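I opened this entry to keep track of what I looked up in the structure. The notes follow the order in which I checked things.

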Amino acid sequence: MSMRTTIPAYSDIFIRYLLSDESNKDLLLSFINAVNEDYDIPTIAEVEILNPFNLKTFQVDKETVIDVKAKDETGRLYDIEVQATGNAAFKHRSLYYWAKLYSSQLGEAQRYAELRPTICINLLNFKLIEEFDDVHACFVLRESRHPDLILTDHLVLHYVQLPRFVKEAGYASALEQWLAFLKYEGVKEEAMRTILENPVMQKAHEKYKAFTQDERMIDLYEARMKMQRDRLSAEADARQEGLQQGIQQGIQQSQREIAVNMLNSGLDVSQVAQYT
């Protein structure tokens, strides 16, 4: 990796490394509570990592979704996912991920009463909700005419839109400190200065330095980036091929319509063939 290359602190593989390591439970707990506090949701006291990061078994080519799964002391499930690029379709994708995690709780002969609330925290490096200017949006199931009436607390979807965070000083909450870390770590030292007074953010800062100085981690990051570039390139090629096929089909259809009109106008077959 070139010395000038900067690994974003919001990259999915670094977030997995940072928040799925057993030695970093305090960081995971801090991040979840920062998100909760931003919407006056009660904080949690303990967290169990359900998919701990293991360098020996981690295979980036087989993991299309690199997320962090956890459970708190009451059994509530958490899924933290990072998405670098996307569009409005991600709304449906995030709901699908929630549904998979929620439904995975039940095995055969288990009762629906055993289901626990499932909270998804989506950290996005793009603007998903254009009509909403805030950095952080939280969605739950409410009654349309009576928004104070919540059907259940089992579905909670958080969307943290990093491009909407523009502060570079004066961070007023724990979530803003985390966003400053994710956006400015390794990029703007001045914007990081005040948050490093917080022991939690100082530890996250040290973990970032360790990640970016570890050749194995760098190799994983570069492999992940290559896989994503290859996938995006393949998708672009498929769209281009589909576009070309559509254009060709349109031309052929147009030629047939012109030929029929010519024949109906009285031209003979040889003249139609010449013109089309």
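I began with contacts in the chain between residues at least 6 apart in sequence: 61% of these join residues at least 24 apart. The model I am reading is predicted. The chain has 276 residues, and 39% of them count as buried. I then looked up the surface: the chain exposes about 16200 Å², with carbon and sulfur atoms supplying 52% of that area.

Next, the secondary structure. I noted 8 helices and 6 strands. Along the sequence they run α-α-β-β-β-α-β-β-β-α-α-α-α-α.

How many residues of helix α1 are buried? Helix α1, residues 12–19, has 8 of its 8 residues buried. I listed them as Asp 12, Ile 13, Phe 14, Ile 15, Arg 16, Tyr 17, Leu 18 and Leu 19, so charged residues are among those under the 20% cut-off for relative accessible area.

I turned to salt bridges. My search of the whole structure returned 15 of them. One of these pairs Lys 203 with Asp 26, with the closest N and O atoms 3.0 Å apart. Lys 203 sits in helix α6 (residues 199–212) and Asp 26 in helix α2, so this pair ties together parts that are 177 residues apart in sequence. I checked the cover on both partners: Lys 203 is partly exposed at 25% relative accessibility, and Asp 26 is partly exposed at 37%.

I also looked up Lys 188 and Glu 168, whose salt bridge has its closest N and O atoms 2.6 Å apart. Lys 188 belongs to the loop between α4 (174–184) and α5 (189–192), and Glu 168 to the loop between β6 (150–161) and α4, so the pair ties together parts 20 residues apart in sequence. Lys 188 is partly exposed at 35%, and Glu 168 is partly exposed at 40%.

For Lys 167 and Glu 176 I recorded a salt bridge at 3.1 Å, N to O. Is Glu 176 buried or partly exposed? Glu 176 counts as buried because its relative accessibility of 17% is under the 20% cut-off. Lys 167, at 33%, counts as partly exposed.

I noted one network of salt bridges, which links Asp 67, Lys 69 and Asp 79.

Glu 37, Asp 38, Asp 40 and Asp 134 form a negative surface patch. Of these, I followed up Glu 37, which lies in helix α2 (residues 25–38) and is partly exposed at 44% relative accessibility.

Key: Residues are numbered from 1 along each chain as its sequence is written. This is a predicted model: local features need pLDDT of at least 70, side-chain atom pairs count only at pLDDT 80 or more; totals for chains, interfaces and linings use all residues. Side-chain values use heavy atoms; hydrogens and water are left out. Patches are made of residues with over 30% relative accessible area and no salt bridge: like charges are joined within 9 Å, nonpolar side chains (Val, Leu, Ile, Met, Phe, Trp, Tyr) within 5 Å. Accessible areas come from the Shrake-Rupley method with a 1.4 Å probe; for residues, only the protein chains shown count as cover. A salt bridge is a side-chain nitrogen of Lys or Arg within 4 Å of a carboxyl oxygen of Asp or Glu. The place of a charge is taken as NZ of Lys, CZ of Arg, CG of Asp or CD of Glu. Helices (H or I, at least four residues) and strands (E, at least two) are DSSP runs, numbered from the N terminus. Buried means under 20% relative accessible area, exposed over 50%, partly exposed in between (1.4 Å probe, protein chains only). Contact means heavy atoms within 4.5 Å.
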